[in-house]
Amino acid sequence: MKNKRTVFDKLNTALFGKDLRITKGVVYSDIREYDFSSYYPENEYIRKQTVPTENVYDIRDFGASPNSTDNSKAINSAVREAEKTGGTILISGGEYVTTTVFLKSDVTLFIEKGSTLVSNKTGKGYNHRGIIHADSCENITLTGGGKVKGNGNYFGYRPLNDRNMTEHPEVIDVIQMRRDLRAQLRFAHPNKYGGPIYFKDCKNIKAENFIIENAAHWSFRIENCDGVRVKDLVINNNRHVANTDGLDIAGTGNIEIEHCFISTADDGICLKNAIWLGNNKPMKNISVKDCEVISCANSFKIGTETTYDISGVTVEDCKFYMNDIYPGTVSGIAIESADGARVNDITVKNIEMDRVTCPIFIRLCNRNRAATVTSESANAVEFGKKKKKGSSASKDTFDMLGEVGDILIENVNATGAEIPVIIAGFTQNKTTKCIKNVTLKNINIKYAPYKEVYDKRLYIPEYADSYPESWRFRNLPAYALWARHVRNLKLLDFNCTVPKSTWKERIITEDTE
């Protein structure tokens with residue numbers, strides 16, 4: 001890789017936004033070396049539980065069999081009976097292929113350790129609701145120590161690269177980094193069915209001591225719910241199956257996430273609140289603690305789909321890292337408002353990071369996606385369909401309403417960083433909106449031991465209506481901090497080692513107080 005770009009190379013950087021998405025071909029189901037993390041601490045999170053014996057509905061008593069190609073009829077029959085008594089559905093004795101299981105109120109789904117609910121390999125029979133679905137229910141528990149397996153490798157195209165990358169090149173270049181990541185991803189084949197678990201409009205949900213493995217789409221989607229506790233959860237995904245977020249929390253408040261291990265291709269823990277997702281009110285009171293996240297995208301993220309407000313979020317005592325493949329995680333802490341939401345009252349503390357390219361990314365922009373997509377069109381591409389025109393709201397409904405502020409991030413130790421902390425508001429149509437009241441306290445960053453491509457630019461675009469991502473800003477001229485359009489930014493004991501390249505400045509601020 002070159003240390004310096006020629007004039008021709010700089011012209012070619014216009015291709016940065018060109019999507020390397022593969023949209024043709026047959027299903028590529030091979031499992032490659034390093035698709036799954038070589039570090040997998042299942043025994044630290046999952047325990048063997050005593051199988052319940054009272055008020056139990058064993059799916060085998062309803063005709064389920066590991067030899068069946070679809071056990072959904074038997075399992076759903078057991079669910080209906082368990083609903084009458086507030087009973088437990090027992091999954092024991094092997095691996096059970098199923099299409100969608102519809103959970104009901106007051107039931108417990110107990111998957112015994114060593115047993116599994118698994119998707120079929122065709123994607124037929126799901127209607128994108130996934131393997132386990134609950135709609136407008138309450139008092140549901142998922143537990144047992146067993147698995148929900150998504151067979152994600154059966155629902156994507158062959159990647160551009162012939163093998164996964166493990167070695168870092170000699171030079172840090174964000175443009176090439178993004179291309180290398182995209183070239184390893186398996187983008188959605190039209191047979192994609194959905195994700196493993198989808199809870200919608202539910203109350204009082206408890207998910208504890210179970211495993212999600214090899215998702216095809218969002219692993220655990222919790223939408224418009226209230227009162228959720230997730231603990232001792234493992235998500236172990238193929239890290240090259242595109243759009244496999246770990247925990248997707250959309251329009252949901254009063255949620256606790258504790259002691260989880262997540263290894264996945266897309267965002268690890270992601271908070272969203274958007275009209276096209278069916279969300280319709282602010283979300284608040286969200287706690288994340290004591291989690292390990294390996295993500296090829298963002299470890300913890302607020303955004304990108306954000307039309308309604310998100311506040312009262314605490315993230316603490318977590319580890320965010322990439323262990324054995326290249327590139328590293330895109331961002332460790334990503335706090336974003338792109339579509340009109342007010343995102344504030346965010347506290348992040350006691351975080352360890354390793355090989356996270358951008359440790360902290362705080363972004364306010366005005367993509368205003370509600371004016372261009374509907375619920376159907378927003379997900380069309382991911383399920384191999386043509387995106388249809390339409391909007392969820394008028395152009396002015398959420399336009400320029402976004403705010404980001406009142407953020408405290410403290411006690412962060414990051415090693416192997418490759419781009420600076422980024423804090424950026426925006427200017428659009430001669431109007432500037434600033435991020436406000438951000439404190440970074442006791443931040444220690446150790447830069448990756450590589451040279452950086454010499455890539456000076458005359459100006460850094462605003463990217464006000466683009467997808468917000470730290471890599472979007474490409475190779476910035478600062479190595480520790482780059483801030484633009486920020487008010488009341490406080491750096492208290494903010495440290496970063498000097499990289500091998502010396503053409504960059506330590507801190508660059510524009511329109512920042």
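Trainee: Which residues does N368 touch, not counting residues up to four places away in sequence?

Mentor: Keep in mind that this is a predicted model. Leaving out residues up to four places away in sequence, N368 touches A338, D339, K395, F398 and D399.

Trainee: Where does N368 sit, then?

Mentor: Look in the loop between β25, residues 356–364, and α4, residues 375–380.

Trainee: And is N368 buried or exposed?

Mentor: Buried means under 20% relative accessible area. N368 has 8%, so N368 counts as buried.

Trainee: Let's move to a helix. How many residues of α3 are buried?

Mentor: The general idea comes before the case. An α-helix has 3.6 residues a turn, so residues three or four places apart point the same way. Now for the case: α3 covers residues 174–182, and seven of its nine residues are buried, which leaves the helix mostly covered. The buried ones are V174, I175, M177, R178, D180, L181 and R182.

Trainee: What covers those buried residues of α3?

Mentor: The cover includes β10, residues 171–172, and β25.

Trainee: What happens at the start of α3?

Mentor: There, a side-chain oxygen of D173 comes within 3.1 Å of the backbone nitrogen of I175. I175 is also one of the buried residues in α3.

Trainee: Now the backbone. Which residues does the cis peptide bond with omega near 10° join?

Mentor: That bond runs from G303 to T304. T304 belongs to strand β21, residues 298–306. A cis peptide bond also joins Y326 and P327, with omega about 0°. P327 is in the loop between β22, residues 310–321, and β23, residues 329–337.

Trainee: What about phi: what is its value at D290?

Mentor: Phi of D290 is near 55°, a positive value in a residue other than glycine. D290 is in the loop between β19, residues 283–289, and β20, residues 292–295. With 36% relative accessibility, D290 is partly exposed.

Trainee: Where would I find D317, and what is its phi?

Mentor: D317 is in strand β22. Its phi is positive, about 60°, although D317 is not a glycine.

Methods:
Residues are numbered from 1 along each chain as its sequence is written. This is a predicted model: local features need pLDDT of at least 70, side-chain atom pairs count only at pLDDT 80 or more; totals for chains, interfaces and linings use all residues. Side-chain values use heavy atoms; hydrogens and water are left out. Helices (H or I, at least four residues) and strands (E, at least two) are DSSP runs, numbered from the N terminus. Buried means under 20% relative accessible area, exposed over 50%, partly exposed in between (1.4 Å probe, protein chains only). Contact means heavy atoms within 4.5 Å. A polar contact is a pair of N or O atoms within 3.5 Å; within protein, one must be able to donate a hydrogen and the other to accept it, and residues adjacent in sequence count only if both atoms are side-chain atoms.
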